[in-house]
Amino acid sequence: MPRNVVVLGAGPAGYVCAIRLAQLGAKVTVVEKEFLGGTCLNVGCIPSKAMIAAGSLLHRLGDMAAMGITAKDVRLDVAKLVEWKAGIVGKLTGGIGVLLKNHKVDVVMGTGRIQDKTTVVVTTKDGPKTLKCDDIVIATGSIPIEIPGFAFDEDKVWSSTGGLRPKKIPEHLVVIGGGYIGLELGMMFRKLGSKVTVLEATAGALPGQERDCVKVIEKSLKKLGIELLTETFAQGYEHKGGKSYVRIKTKAGEDTVVCDQILSTVGRKPYSAGLGLESVGLAVDAKGFLAVDKHMRTKVPNIYAIGDIACQPMLAHKASKEGLVAAAVITGGKDEYDARCVPAVIFTAPEMASVGLTEDQAREKGIAVKTGMFPFAASGRAMSLMETEGFVKVVADAKTDEVLGVHMVGPEVTELIAEATLAIEMGATCEDIARTIHAHPTLPEAFMEAAEAVHGMAVHIYQRK
Ligand code: FAD
Ligand code: NAI
């Protein structure tokens with residue numbers, strides 16, 4: 001008999017798991033309370049990248065004069081931009097519906113609750129529906145964190161969701177949180193015409209990310225005219241006369257920033273409200289995650305958890321990978337979540353991407369490291385794109401020459417990181433990368449040169465012995 005599986009949540013964890021389960025012969029039902037494609041397709045990765053692309057295009061018009069191109073009468077129609085973005089989301093989410101249908105996955109729209117180890121009750125618009133199954137996969141994702149004094153009303157205070165459907169471009173936007181979303185959307189609004197102030201609690205932007213790369217991003221924030229206030233906490237706000245008065249606390253004392261829009265992006269938390277975990281003896285940890293083993297199994301053997309609900313990093317590609325592992329295990333495979341690394345890509349300007357260990361992390365593990373760096377300023381391709389900021393940095397094991405980590409900031413690095421991820425996953429050495437012919441003139445040549453630089457042998461920069 002094929003396994004009968006209920007998947008709770010149709011984000012990149014849940015829908016990918018469901019399709020793979022169907023491919024492997026299981027009978028699958030996906031329960032989704034809001035939208036196929038989850039946060040990622042509807043209010044996350046895809047719409048943000050669409051809007052960011054539009055912002056970049058508008059901003060780059062300024063660069064064109066140097067190429068001898070003049071664009072006149074350029075205007076932004078915000079309603080049209082939001083409609084275009086919604087069209088992309090519609091096409092993709094519609095595509096997920098078709099894929100699920102073609103794979104004969106049943107979709108039940110409603111909120112699922114676990115009643116016991118083999119029963120899920122779904123509250124649908126037509127009343128409750130009971131689903132019996134052999135296995136349950138929890139893929140309910142995460143929601144934005146709200147801080148005191150800044151309840152999301154999606155009017156004066158936007159969450160990322162409100163920020164992705166603006167009615168107009170704010171004159172002055174205050175962003176609370178200088179992490180992934182704060183910087184991606186903050187830079188986007190700046191490029192679309194807003195004055196932007198970012199309030200960040202820690203000592204620098206993008207805490208936890210590779211600091212050499214972050215330095216380039218912080219310089220770029222300055223160049224774009226974005227004010228980054230570090231070690232700054234937003235305390236609350238008053239709205240009067242069409243303006244929001246945001247009270248802030250910094251090391252220097254208390255102050256007020258006047259703006260006409262607030263965007264609060266201080267992180268996301270796993271979502272398990274009303275899921276009925278207690279009915280099967282499951283509980284989340286202090287941060288809201290559901291503990292799983294390397295097979296994505298919770299401590300109840302036929303209940304699995306994948307994606308943002310399971311653990312950090314809260315990234316779509318990690319969520320999907322976990323979905324594939326769970327599907328294989330449920331259908332009898334011995335798969336494990338054994339990825340050596342998870343790439344991180346940040347769509348700032350310039351873009352930033354990292355995979356594997358940073359220099360500091362490698363040293364903390366007691367590994368003797370060697371590094372190599374290649375600046376995009378020395379890349380012919382980067383010059384022809386007029387995007388020469390940034391570099392590729394390779395961290396390697398000094399004894400074995402193995403690539404341990406690659407950190408990039410610059411043009412298209414969110415694409416370039418794929419080669420570095422494969423290199424680490426396959427245990428490649430810097431010599432392997434250096435000996436591989438990279439097409440010219442392309443940006444990936446910068447990775448090859450950075451790998452050469454580990455040995456002091458980069459050709460297109462001078463490395464003093
Ligand atoms: P989700 O995508 O959140 O999906 C969970 C689904 O479960 C939702 O559809 C929800 O409605 C449903 N659900 C919840 N509870 C129930 C229930 N009881 N019954 C039925 N259904 C339920 N990640 C990247 O890797 N790259 C990016 O560029 C990127 N950009 C982002 C930009 C923004 C603005 C945001 C907010 C996030 C971004 N992320 C990005 C993060 C990414 O969206 C998440 O890591 C990813 O969506 C997690 O997938 P998931 O399937 O675990 O959860
Ligand atoms: P984040 O964790 O990336 O950043 C939150 C920031 O807010 C941190 O810098 C933190 O120090 C700061 N902060 C926390 N409390 C604060 C306070 N009270 N005042 C001021 N600053 C405060 O979280 P974010 O940006 O909300 O994104 C959530 C998650 O979504 C990310 O961690 C990532 O996993 C995912 N994401 C991924 C993207 C990508 O892959 N390109 C893009 C967007 C989101």
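Student: By class, how many nonpolar, polar and charged residues does the shell around ligand 2 have?

Tutor: Happy to start there, with a note that this is a predicted model, where local features need pLDDT of at least 70, side-chain atom pairs count only at pLDDT 80 or more, and totals for chains, interfaces and linings use all residues. Residues are numbered from 1 along each chain as its sequence is written, ligands are numbered from 1 in the order in which they are written, and side-chain values use heavy atoms, without hydrogens and water. The shell holds residues with a heavy atom within 4 Å of the ligand, and Gly counts as polar. By class, the shell has twelve nonpolar, eight polar and four charged residues.

Student: Which helix gives the most to the shell around ligand 2?

Tutor: Ile181 and Glu184 are among the closest of the 24 surrounding residues. Helices here are DSSP runs (H or I, at least four residues), numbered from the N terminus. With four residues, the one giving the most is helix α6 (residues 180–191).

Student: How far is a backbone N or O atom of Ile181 from an oxygen atom of ligand 2?

Tutor: A polar contact is a pair of N or O atoms within 3.5 Å. For Tyr180, a polar backbone atom is 3.1 Å from a ligand oxygen, and for Gly267 the value is 2.9 Å. For Ile181, it is 2.8 Å.

Student: Which residues have the most contacts inside the largest nonpolar core?

Tutor: Such a core joins buried (under 20% relative accessible area, 1.4 Å probe, protein chains only) Ala, Val, Leu, Ile, Met, Phe, Trp, Tyr and Cys residues through side-chain atoms within 4.5 Å. This one has 52 residues, and helix α1 (residues 14–23) gives the most, with seven. Those with the most contacts inside the core are Leu21 and Ile138.

Conventions: Buried means under 20% relative accessible area, exposed over 50%, partly exposed in between (1.4 Å probe, protein chains only). Helices (H or I, at least four residues) and strands (E, at least two) are DSSP runs, numbered from the N terminus. A polar contact is a pair of N or O atoms within 3.5 Å; within protein, one must be able to donate a hydrogen and the other to accept it, and residues adjacent in sequence count only if both atoms are side-chain atoms.
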